[in-house]
Structure formats: C-alpha cells, structure tokens
Amino acid sequence: MKATLRLCSVLPCLLISGIAFFSPVLGAPQGQQLAIDQQPTIRFVRNPDPAPGFQLTSLDGKPLTLADSHGKVVLLNFWATWCGPCRAEIPDLVALQNKYKDRLQILGLVVDDDDQDAVKNFVAEFGINYPVALASDEIRLRYGGIAALPTSFMLDAEGRVVQKHEGLRDPLLYETEIRSLLGLPIGNVKVETFEDTGQIILKNADRASELPGVDLSKLTPEQKTIALHKFNAETCTCGCQYTLAQCRIYDRDCQISKAAISRIIAALGHPAQPKPTPEKPEGAAPAPKER
C-alpha cells in the first residue's frame with residue numbers, strides 16, 4: 001500500500017525536525033500577556049467533523065470503539081513497535097493517561113504489525129496503560145492513509161476531530177490541547193481556529209481553495225472554480241485511490257497527481273481554439289441540393 005511505502009522515508013525527517021518547541025506557562029495568571037510573537041498558540045478545527053468510527057478488539061480481548069469514550073477527550077495514536085519516534089513518546093502518553101485518566105482516553109492503534117504476541121510483550125514492557133488494538137487497512141484509509149508515524153488525532157468530548165499531529169511532538173502541546181478541550185486553565189496560551197480543507201480529514205479536500213505545490217494564480221476566478229472541481233472529480237492514477245486534490249494533500253511528492261493537475265491548469269489557461277471553417281473561393285458553385 002502506498003502509505004506503507006512512504007513510512008520509511010518520512011520517519012527520519014520527522015524524528016529530527018518534528019519536535020516542535022512548545023512552552024506554555026500552564027500555571028500563569030490568566031491576565032498575563034506576552035508579546036504577540038512570543039505567545040504560544042494552539043489551533044483547533046472550526047466546525048469539526050465526527051471522527052470515523054471503528055469496531056476493534058483490543059489486545060486484552062475487549063471490544064474497542066470510539067463510542068466507549070464518548071464524553072472524554074480522546075487522543076487517537078497510530079503507531080508501530082518498530083517506529084523510533086513512537087517508542088520515544090509512549091512514556092509521555094502513559095503519563096498523560098495517568099494524569100487525566102477520568103477525563104482523557106488515549107487509544108493506541110498499531111500499524112503494520114500483525115504479530116499480536118510481540119505487541120503484547122511491547123505493551124507490557126513499556127507499561128502502556130491505555131487500550132491497544134491492531135489497525136486494519138480500512139481504518140487507516142478512513143483516517144487519511146496515515147502517511148507517517150506516529151500520527152495522532154485529538155478528539156473533543158463529542159467525538160469530533162479537532163487536530164492532527166504527525167511525528168514526535170512536545171508532550172506539553174498535547175497536554176495544553178487536552179486541558180483546553182477539558183475547559184481547564186492553559187495560562188498564557190492563545191487558542192485559534194481554522195477551517196479543515198483536507199489537512200485533518202482528507203475527505204475535506206473538496207473545501208480547499210489552494211493545494212500544496214499547485215499554482216492557480218494565472219487562472220481567472222471562473223477558471224479556478226472549474227479547476228478545483230476537476231481536481232476533486234478526477235481520481236489519481238498512482239494507486240492511492242484518492243482524488244487528485246486528496247493526493248496532493250496526502251503526498252506532495254506524487255509526480256502523477258502533479259502532472260495531471262498541471263495538464264488541467266494548462267488546458268484551462270490555453271483553451272483549444274475551434275478550427276476555422278474554410279472559406280469558399282469566389283465564384284464557386286453552390287453545393288447541390290439533396291433530392
């Protein structure tokens with residue numbers, strides 16, 4: 001599957017550059033102000049969509065669904081036992097589950113590892129204190145393919161996806177988002193909202209007015225509307241099973257979707273001119289009428 005092929009090339013970069021420095025002062029007075037360029041910020045999706053549901057069996061043999069965690073903030077963590085960044089963040093996830101156990105539920109979905117006994121041994125070794133289950137390919141696709149590991153989705157208490165994080169992140173970022181969703185003090189941290197145009201839930205790519213690596217500046221507003229419609233109507237032939245728009249968001253390095261989109265833009269910017277009707281030479285006899 002395409003997502004599997006991309007993991008090995010993406011992970012080293014995420015391990016090196018994915019740790020975003022985030023230093024909120026959780027205990028600071030609410031009235032404390034910092035300079036705009038120094039104030040830490042968290043961002044949530046405006047009008048978020050419900051998280052795709054699933055029915056799994058956890059490693060301890062119990063049913064595992066999102067509905068079981070309704071009313072709690074959920075951190076849905078896609079990971080693998082062989083993934084270095086995944087292993088590095090597990091102690092922080094365990095600590096978060098302990099700290100907010102009554103109002104937070106972390107769910108671990110294992111990717112690309114079918115040996116349940118090996119996963120069970122790993123869970124016991126790391127003292128994982130939250131449910132773990134094997135993620136099927138269908139679930140991975142419903143959550144956008146999971147192009148990198150770890151990938152975590154933050155869900156509010158109503159089961160809606162409000163944020164997505166790829167790679168190893170500062171645990172303070174997770175904790176601040178959790179506290180904000182729980183209505184707990186977050187100190188000097190600013191909360192912003194944004195429209196999901198496919199970067200969180202891939203199916204929302206049809207809302208996007210811009211796409212990664214796509215220059216629409218030379219098109220008129222009418223042509224741009226037509227182009228975006230075509231990007232969302234045509235399927236990429238690279239094997240990803242996504243539309244051209246979704247593929248650009250999912251895989252910016254895909255040359256097939258890039259080429260297809262370039263052809264659409266070129267055709268709209270330089271529409272084919274109708275062939276002129278050849279003029280009849282002067283004095284030519286009229287065409288005979290059919291009888």
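Visitor: Why is tyrosine 242 called buried?

Guide: The relative accessible area of tyrosine 242 is 8%. Buried means under 20%, exposed over 50%, and partly exposed in between, with a 1.4 Å probe and protein chains only. The value of 8% therefore puts tyrosine 242 in the buried class. This is a predicted model, in which local features need pLDDT of at least 70, side-chain atom pairs count only at pLDDT 80 or more, and totals for chains, interfaces and linings use all residues. Residues are numbered from 1 along each chain as its sequence is written, and side-chain values use heavy atoms, with hydrogens and water left out.

Visitor: What makes tyrosine 250 count as buried?

Guide: Tyrosine 250 has 9% relative accessibility, so it counts as buried.

Visitor: Why is the pair of tyrosine 242 and tyrosine 250 called edge-to-face?

Guide: Rings of Phe, Tyr and Trp (its six-membered ring) pair if their centres lie within 6.5 Å; planes under 30 degrees apart count as stacked, over 60 as edge-to-face and the rest as tilted. The ring centres of tyrosine 242 and tyrosine 250 are 5.2 Å apart and the planes stand at 70°, so the pair is edge-to-face.

Visitor: What makes the pair of phenylalanine 78 and tyrosine 143 tilted?

Guide: The structure holds 6 aromatic pairs. In the pair of phenylalanine 78 and tyrosine 143, the distance is 5.6 Å centre to centre and the angle between the planes is 55°, which is tilted. Phenylalanine 78 lies in strand β4 and tyrosine 143 in the loop between α4 (137–142) and β7 (151–155), 65 residues apart. Helices (H or I, at least four residues) and strands (E, at least two) are DSSP runs, numbered from the N terminus. Phe78 and Tyr143 form one aromatic cluster with Phe153.

Visitor: Which residues have the most contacts inside the largest nonpolar core?

Guide: They are Phe54, Phe78, Leu109, Val132 and Tyr143, in a core of 55 residues. A nonpolar core is a set of buried Ala, Val, Leu, Ile, Met, Phe, Trp, Tyr and Cys residues joined through side-chain atoms within 4.5 Å. Strand β4 (residues 73–79) gives the most to this core, 6 residues.

Visitor: How do you know that asparagine 204 is buried?

Guide: Asparagine 204 has a relative accessible area of 4%, and is therefore buried. Asparagine 204 sits in the loop between β9 (190–194) and α6 (221–233).
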